[in-house]
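Me: I have a structure open and would like to get my bearings. Can you take me through it?

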Amino acid sequence: MNPNKALWEKGDFTRIAQTMRESGEALVAKLGITKGMKVLDLGCGDGTTAIPEARLGAEVLGVDITKNLVDAGNRRVKELNLTNVRFQEGDATNLGDLKDQSFDLVVSIFGAMFAPKPFDVAKEMVRVTRRGGRVVMGNWIPNDPTLVAQILKISAAYTPPPPEGFISPMTWGVETNVIERFTAAGVARDKISFVRDTYRFEFAHTPSELVTEFRSYYGPTMNAFDAAAKNGKATDLFRELEALFLRCNESRSAGATSIPATYLRVTVAV
Ligand SMILES: C[S@@+](CC[C@H](N)C(=O)[O-])C[C@H]1O[C@@H](n2cnc3c(N)ncnc32)[C@H](O)[C@@H]1O
């Protein structure tokens with residue numbers, strides 16, 4: 001099985017996605033979406049951004065490598081009675097059956113960054129965008145002091161080194177890499193712009209319980225705990241993550257969690 005697919009089918013990302021809905025909606029509100037706009041949401045998960053895009057009247061296709069998240073997205077669409085959004089399985093490294101220049105906007109929020117072969121991913125996103133359209137990516141930033149980069153940094157210390165040739169998803173959070181990948185896909189440098197923005201994880205329980213959610217349902221953290229357990233270090237990993245989540249928590253109400261995380265928003269005018 002494709003290890004990229006296996007990683008994200010492990011656990012249940014919908015549990016983490018539920019903590020990110022408000023930020024997803026706020027981000028979509030900034031994208032200038034108009035009625036009838038054709039939007040591809042790539043690495044869509046269960047639709048944290050795809051569903052708000054559809055609510056603004058876009059014709060949305062969500063593509064994700066996992067069957068479980070595509071099914072979860074389609075269930076949400078049905079429950080919400082939305083007719084202008086659907087989800088299907090696909091791989092950001094090869095969007096095969098999607099036609100050239102068929103979308104006005106390609107959105108990928110913490111999605112395509114997790115696919116291997118980043119040059120192929122940039123090429124595919126540009127290929128399916130119509131001339132005059134846009135690609136918008138949200139990418140976590142390596143070594144950033146806020147939550148997600150720190151989760152990945154702490155987890156890496158408990159995990160065996162990745163295989164030779166592995167390109168970290170976090171490289172998508174470095175502007176020079178992003179420029180290199182999109183210019184290789186034929187985009188001029190001055191068409192690529194960057195903004196740093198904030199996502200917020202909102203959870204109605206304590207920071208420690210949010211660590212447990214990540215441990216139980218978020219594929220990359222589950223793998224880190226599996227590796228740590230092999231060395232008898234699962235408790236150490238839990239304590240380090242718990243300290244991080246407690247330190248980052250900005251919620252004023254006891255028993256609730258609100259943690260900001262900085263990301264790099266990339267806009268490519270195609
Ligand atoms: C952190 S989640 C973000 C999901 C969603 N964009 C959101 O904001 O909730 C990463 C998503 O990227 C998807 N993904 C990872 N590699 C992919 C690939 N090669 N092609 C398509 N989707 C991929 C995962 O299955 C997962 O749904």
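Reply: We can go from the overall build to single strands, helices and residues.

Me: Before that, what kind of model is this, and how are residues numbered?

Reply: This is a predicted model, in which local features need pLDDT of at least 70 and side-chain atom pairs count only at pLDDT 80 or more, while totals for chains, interfaces and linings use all residues. Residues are numbered from 1 along each chain as its sequence is written, and side-chain values use heavy atoms, with hydrogens and water left out.

Me: How many helices and strands does the protein have?

Reply: The protein has 11 helices and 7 strands. Helices (H or I, at least four residues) and strands (E, at least two) are DSSP runs, numbered from the N terminus.

Me: What is the radius of gyration of the protein?

Reply: The protein has 18 Å, which agrees with the value near 18 Å for a compact globule with 270 residues. That radius is taken over C-alpha atoms, and the globule rule is 2.2 Å times the number of residues to the power 0.38. Along its principal axes, the C-alpha trace spans about 50 × 45 × 35 Å.

Me: And what share of the residues is buried?

Reply: Buried residues are 54% of the 270. Buried means under 20% relative accessible area, exposed over 50%, and partly exposed in between (1.4 Å probe, protein chains only).

Me: Which way does β5 run against β7?

Reply: Strand β5 (residues 129–140) and β7 run antiparallel, joined by 7 bridges. Asn139 stands opposite Leu264 in β7. Strand β6 (residues 192–203) also pairs with β7 in the antiparallel sense, over 12 bridges, and there Glu202 stands opposite Ser258. Two strands pair if DSSP finds at least two bridges between them.

Me: Switching to helices. Which residues of α8 are buried?

Reply: In α8 (residues 175–184) they are Asn177, Val178, Ile179, Arg181 and Phe182. What covers them includes α6 (118–127), β5, β6 and β7. Just after α8, Gly186 takes a positive phi of about 100 degrees.

Me: You mentioned α6. What do its buried residues pack against?

Reply: They pack against β1 (38–42), β4 (103–109), β5 and α8. The buried residues of α6 are Pro118, Val121, Ala122, Glu124, Met125 and Val126.

Me: Where is Lys117?

Reply: Lys117 is in the loop between β4 and α6. Its phi is near 55 degrees, a positive value in a residue other than glycine. Lys117 counts as exposed, at 53% relative accessibility.

Me: And what about Asn143?

Reply: Asn143 is not a glycine, yet has a positive phi of about 65 degrees. Asn143 sits in the loop between β5 and α7 (147–156) and counts as exposed at 62% relative accessibility.

Notes. Contact means heavy atoms within 4.5 Å.
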